Each structure stands twice: as structure tokens, then as C-alpha cells.
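I opened my notebook for a friendly look through this model. My notes follow in the order I made them.

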Amino acid sequence: MADLERSFKQDLVAQLHHVAAAGDTGRLRTLLSRSPSLINATAQNGWTALMYGARNGHFEVVQILLEGGCDRSIVNKSRQTALDIAKFWGYKHIANLLANVKGGERPLPLPNEVKELENYFGTTLLDRRSDKRTDSNWLSKKQTHPSSVYILFSNLSPLVTLAGGTESSQQPEVKLCRLRHEDVQQFLAPAGEVTLIFLGVELRLPTEPRGAPGRAAPGEEHEDGLTAWFALSIEPPSAEKFKQTHEDAYFLHPPMPALLQLPEKEAGVVAQARSILAWHSRYQFCPTCGSATKIEDGGYKKTCLKEDCSSLRGVHNTSYPRVDPVVIMLVIHPDGNHCLLGRQKRFPPGMFTCLAGFVEPGETIEDAVRREVEEEAGVQVGHVQYVSCQPWPMPSSLMIGCLAVAVSTEIKVDKNEIEDARWFTREQVVDVIIKGNRRLFFVPPSRAIAHQLIKHWIGMNANL
């Protein structure tokens with residue numbers, strides 16, 4: 001008899017949780033009127049009806065349960081309250097209701113705060129000092145200053161060298177060749193044959209005041225204490241001649257995955273330089289009228305030489321370096337324990353990664369995520385949460401990393417977009433990311449934002 005009663009109660013609890021998750025307020029009221037004592041009943045995972053309502057964004061369900069005396073302080077087996085769950089999924093109105101925020105009070109900082117991540121290509125050695133770009137006298141002096149640093153490019157590939165690894169078992173490290181004015185002055189003389197970009201000045205320590213002359217080379221004085229960095233692009237014939245006199249240096253090619261060998265902060269400098277140089281190489285004439293242009297602002301502006309060109313009036317994005325926003329998203333299954341990964345034909349066999357696509361004009365990040373996922377995999381997405389971003393100098397994209405929650409699960413791959421897409425379990429992903437098992441599939445390397453998004457997901461509490 002006791003077993004029957006226990007089974008009946010479990011069925012009622014399951015029904016209550018189901019209608020709360022589905023947002024069925026009519027059936028919810030009926031069940032509570034018949035069995036009010038079940039309002040705080042928990043499932044095996046410790047979840048209550050209130051948690052399911054909060055998880056799925058059903059404001060009225062949460063309101064009914066609170067009015068019925070539901071205990072909002074209950075925690076599930078993963079130590080989350082209904083408020084924690086609402087915050088995670090970005091339901092501000094529900095979180096404020098659960099936190100008992102009244103009119104006039106400051107609402108909770110939602111969506112749930114995500115620790116700021118530093119992705120590869122996103123850190124740098126430099127302060128860009130955009131205020132110096134228009135100071136032509138300052139730039140001219142810095143170009144010839146003996147302490148200024150030049151990094152050399154040819155066909156968008158940076159000049160590098162191998163450092164260390166000779167007296168130990170460690171592999172040599174790929175590092176940028178930091179040249180001085182005397183090393184490159186031969187290329188600066190012929191006007192029009194090279195592209196020169198001011199990148200910024202070396203970052204100071206937090207305690208080092210601006211203007212402190214502590215970075216000068218022995219016997220040299222910085223009049224302002226700033227060590228300037230420049231990027232210089234030369235033509236292939238000049239690059240070949242340069243290599244003949246610098247046998248320990250070479251141009252890093254092809255760009256991917258070769259650029260991923262650089263130390264992180266040097267990679268950030270290369271990302272900046274390569275993106276600007278790519279813009280100059282691809283947009284050599286005025287996009288408005290087709291006339292010749294001149295480079296200004298330390299390489300960050302192109303000005304049309306035709307006096308009556310409309311690009312000279314007002315601010316035009318054709319005059320400044322372009323950045324292409326790309327959404328890259330890890331789509332999470334409604335059960336929270338699967339993620340959606342896809343692959344393109346050009347990928348190495350067995351590699352799967354996050355879906356991605358360009359943001360269209362006039363489109364929000366959230367809508368771009370939803371559109372791209374549905375276009376490529378046929379899966380519909382609800383809530384979208386930003387995680388972090390990564391500059392991607394191929395040639396000049398900004399990867400905007402997001403988590404996205406699916407509201408449908410059937411996959412319908414558009415073969416014109418991608419080759420395949422599949423749901424992978426958390427256990428399968430952990431096996432690849434943490435244990436390094438590549439037997440079934442593998443993901444991009446750790447320096448790619450796709451890897452970090454996947455790692456972020458498996459690091460979250462599975463019960464969310």
C-alpha cells in the first residue's frame with residue numbers, strides 16, 4: 001500500500017513539474033488546488049516546480065507558485081536556487097520577482113555575469129595611443145628614433161625567428177623579429193613601395209608614470225619615455241633580399257595555423273598589424289569614386305585625392321579600416337547535456353566545431369546567432385548569452401562568442417553551408433577536451449575561441 005502511495009505521489013510531482021516547465025498555468029492551478037502540499041516537492045535532481053518555471057522563462061508560473069507559498073530558498077543537488085537558474089538563463093523579470101525587487105529598487109545585474117576571458121589574439125604588448133596618430137611631427141620623430149621597434153611583413157606574413165631551445169630539451173619558441181630603424185631604413189626611402197603603420201607604444205607597468213624615461217636603450221634618452229612600434233609591409237623581392245642578410249629569420253607562412261605558434265601578446269600585435277595591412281592591400285583606391293588615396297593618421301585612414309569626392313564630407317566607413325563581426329556560438333540542447341557542433345568539407349577529417357556566420361547589416365548579435373543556426377543546421381534557438389570575443393586577423397574579423405539555447409532538436413543540415421552537424425553529449429566532449437581522446441572526433445586547438453566556448457560549457461554546472 002505504501003509503495004502505491006509513493007508511486008502515486010511521484011506521478012503527481014512529475015506532472016506538476018511538467019506543467020510548470022511547459023508554462024501550462026491552467027493545469028498548474030488545478031494540480032495545486034488538489035494537492036497543495038506538493039508545491040515544494042523535489043525531483044531526483046533536487047529541482048522544484050519553481051525552478052522549472054524559472055528555467056523556461058514562465059513568469060506567470062513563477063508568480064502562481066510564489067503566491068501559493070513556494071519556498072524560493074530551496075536548492076537543488078547542484079546548489080542552485082530558482083533565482084540562480086533565472087539569472088543564468090537571462091530572465092531578468094523572473095529573477096527580479098524571485099529576488100523580491102520592488103519598484104524603485106535597483107534590479108539585479110543580469111544576465112548572469114560571465115568572467116571576462118582573454119582569448120588568443122586579444123592580448124597585446126602595446127597601448128595603441130590613437131591620440132598620437134594625427135601628430136605627424138611626433139610620428140616622424142619616432143620613425144627614426146633608435147629605440148623604436150619595427151615588425152616586418154611580406155604578403156601579410158610577419159618576420160619571425162626561433163628563440164631558445166638550444167641548451168635544453170624545450171622546443172625553440174617562435175618570436176617576432178624586433179627591428180630598428182637602421183634595419184629597415186632601406187625600405188622607407190622609396191615612397192609608395194611600402195606601407196607603414198603606427199601600432200602604438202609599449203605598455204607600462206601600472207606603477208610607471210607616463211613620461212618616465214625608463215625604457216630607453218643604454219646611452220639613449222626618450223624625450224617622452226614612449227617606445228613606439230611600427231608595422232612595415234614590403235614587396236616579395238625586397239623580402240627575399242632581406243632574408244639573405246638575416247639567415248636566422250623567416251616569414252611565417254601560411255598564416256593559419258602558423259600564427260598560433262606566437263606568444264600570446266605578440267600574437268595580439270600581429271593581429272592588429274595584419275588586419276590594418278590587409279585593409280590597405282585590398283582597398284588601394286577610393287571605394288566611393290575610384291580615385292587614388294593617401295594614407296593618413298598613422299595608417300588608420302585613407303583620404304581620397306579627388307577634391308570633390310563625397311567621402312571627404314562627413315564620416316564614412318569607407319575611409320577607415322573595416323572590421324567584420326562574426327557570431328560563433330555553442331548551441332546547447334534543451335536538456336543541458338548535449339551541444340551542437342558542425343563541420344565543413346575543408347576541415348581535417350574528424351574535426352567538429354561551433355557554428356559561425358557573419359552578422360548582417362542592421363542585425364543584432366542575438367538575431368544573427370538564431371538566423372545562422374537555423375540556416376546551417378535547421379535548429380531553432382531561444383536565449384542567447386554573450387561569453388567573450390576574439391580578434392581573428394583572417395583578414396580582419398571579430399569573433400563574437402555566445403552560448404545559445406536550442407528550442408528545437410531536429411537537425412536539418414544545409415549542405416551548401418556545412419557538411420555535417422551533430423549533437424554531442426557532455427561526456428563525449430569532456431573525453432575530447434579534458435582527456436585528449438580524439439577517437440570519435442576532435443575540436444579546434446585551445447587558442448581558437450571555439451575551443452574556449454566548448455570548454456566554458458563543460459565547465460558550467462551540468463544541472464543548469
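Is C289 buried, exposed or partly exposed? I looked it up and found C289 partly exposed, at 33% relative accessibility. My cut-offs: buried is under 20% relative accessible area, exposed is over 50%, and partly exposed is in between (1.4 Å probe, protein chains only).

A note on the source: this is a predicted model, where local features need pLDDT of at least 70, side-chain atom pairs count only at pLDDT 80 or more, and totals for chains, interfaces and linings use all residues. Residues are numbered from 1 along each chain as its sequence is written, and side-chain values use heavy atoms, with hydrogens and water left out.

**Cysteines**

I searched for disulfides (a pair of cysteine sulfur atoms within 2.5 Å) and found zero. C289 is in none; its nearest cysteine sulfur belongs to C304, 3.5 Å away. I then turned to C389, which is also in no disulfide, with the sulfur of C402 nearest at 9.9 Å. C389 counts as partly exposed, at 30% relative accessibility.

**Aromatic rings**

I counted rings of Phe, Tyr and Trp (its six-membered ring) as paired if their centres lie within 6.5 Å; planes under 30 degrees apart are stacked, over 60 edge-to-face and the rest tilted.

One of the pairs is F88 with W89, which is edge-to-face at 4.8 Å centre to centre and 90° between the planes. F88 is buried at 8% relative accessible area, and W89 is buried at 4%.

Why did I log F198 and F230 as tilted? Their ring centres are 5.7 Å apart and their planes at 55°, so the pair is tilted. F198 lies in strand 5 (residues 195-202) and F230 in strand 6 (residues 228-234), so the pair ties together parts 32 residues apart in sequence. I took strands as DSSP runs of E, at least two residues, and helices as runs of H or I, at least four, numbered from the N terminus. F198 is buried at 1% relative accessibility, and F230 is buried with a relative accessible area of 1%. I also noted that F198 and F230 form one aromatic cluster with W138 and Y150.

**Charges over rings**

I checked for charges over rings (NZ of Lys or CZ of Arg within 6 Å of the ring centre and within 35 degrees of the ring normal). The charged end of R55 sits over the ring of W89, 4.0 Å from its centre. R133 lies over the face of Y300, 3.5 Å from the ring centre.

**Overall**
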